[in-house]
Amino acid sequence: MSSQQKHRIQVPDGLRDVLLEFSIAYLLEQPGDVIDYAVTFFTKLQEDRKTTMITSAEPTSPDESIMSHDEAHKY
């Protein structure tokens, strides 16, 4: 077994996906500074994730917040 095979690193799918998304966006936009672009990109990604989490936790309709569990699933 070679040294490379013993120390092979597994890249998690989530990391691979976000780095691919970043790389494509960077190559398409071709900004002047990769670090500044990365900070902006990942800050926006984090803000979007927080907004999505907040939005998904809110009731989908005003009535849903006052309906019982059974009533909400009738419709």
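Modeller: In this predicted model, rings of Phe, Tyr and Trp (its six-membered ring) count as a pair if their centres lie within 6.5 Å.

Biologist: How is the aromatic pair of Tyr 26 and Tyr 37 classed?

Modeller: A pair of aromatic rings is described by the distance of the centres and the angle of the planes. For Tyr 26 and Tyr 37, the centres are 5.7 Å apart and the planes make an angle of 65°. Planes over 60 degrees apart fall in one class, so the pair of Tyr 26 and Tyr 37 is edge-to-face.

Biologist: Which helices does this pair link?

Modeller: Tyr 26 and Tyr 37 are 11 residues apart, and their pair links distant parts of the chain. Tyr 26 lies in helix α2 and Tyr 37 in helix α3. The helices linked are therefore α2 and α3.

Biologist: Is Tyr 37 buried or exposed?

Modeller: Buried means under 20% relative accessible area. Tyr 26, at 23%, is partly exposed. Tyr 37 has a relative accessibility of 11%, so Tyr 37 counts as buried.

Biologist: Which residues form one aromatic cluster?

Modeller: Tyr 26 and Tyr 37, already described as a pair, both belong to the cluster. Its members are Phe 22, Tyr 26, Tyr 37, Phe 41 and Phe 42.

Biologist: Which element gives the largest share of the largest nonpolar core?

Modeller: The largest nonpolar core has five residues: Phe 22, Ala 25, Tyr 37, Ala 38 and Phe 41. Two or more of these residues come from each of α2 (13-29) and α3 (34-57). The largest share, three residues, comes from α3.

Biologist: Against which element do the buried residues of α3 pack?

Modeller: Tyr 37, Ala 38 and Phe 41 are the buried residues of α3. They pack against α2.

Biologist: Which residue caps the N-terminal end of α3?

Modeller: The backbone nitrogen of Ile 35 lies 2.8 Å from a side-chain oxygen. That oxygen belongs to the capping residue, Asp 33.

Biologist: How far apart are the end C-alpha atoms of α3?

Modeller: Helix α3 has 24 residues, and at 1.5 Å a residue it should span 34 Å. The distance between its end C-alpha atoms agrees with this, at 34 Å.

Biologist: What percentage of the residues of the protein chain count as buried?

Modeller: The chain comprises four helices and zero strands, in the order α-α-α-α. It exposes about 7000 Å², of which carbon and sulfur atoms supply 57%. Of its 75 residues, the share that count as buried is 8%.

How values were computed
Residues numbered from 1 in each chain as written. Predicted model: local features only at pLDDT ≥ 70, side-chain atom pairs only at ≥ 80, totals over all residues. Heavy atoms only, no water. Buried < 20%, exposed > 50% of the residue type's maximum accessible area, 1.4 Å probe, protein only. Areas by Shrake-Rupley, 256 points an atom, 1.4 Å probe, with all protein chains shown as cover. Core = buried A, V, L, I, M, F, W, Y, C linked by side-chain atoms within 4.5 Å. Expected span 1.5 Å × (residues − 1). Contact = heavy atoms within 4.5 Å. Polar contact = N/O pair within 3.5 Å; in protein donor to acceptor, adjacent residues only side chain to side chain. Phe/Tyr/Trp six-rings, centres within 6.5 Å; stacked < 30°, edge-to-face > 60°.
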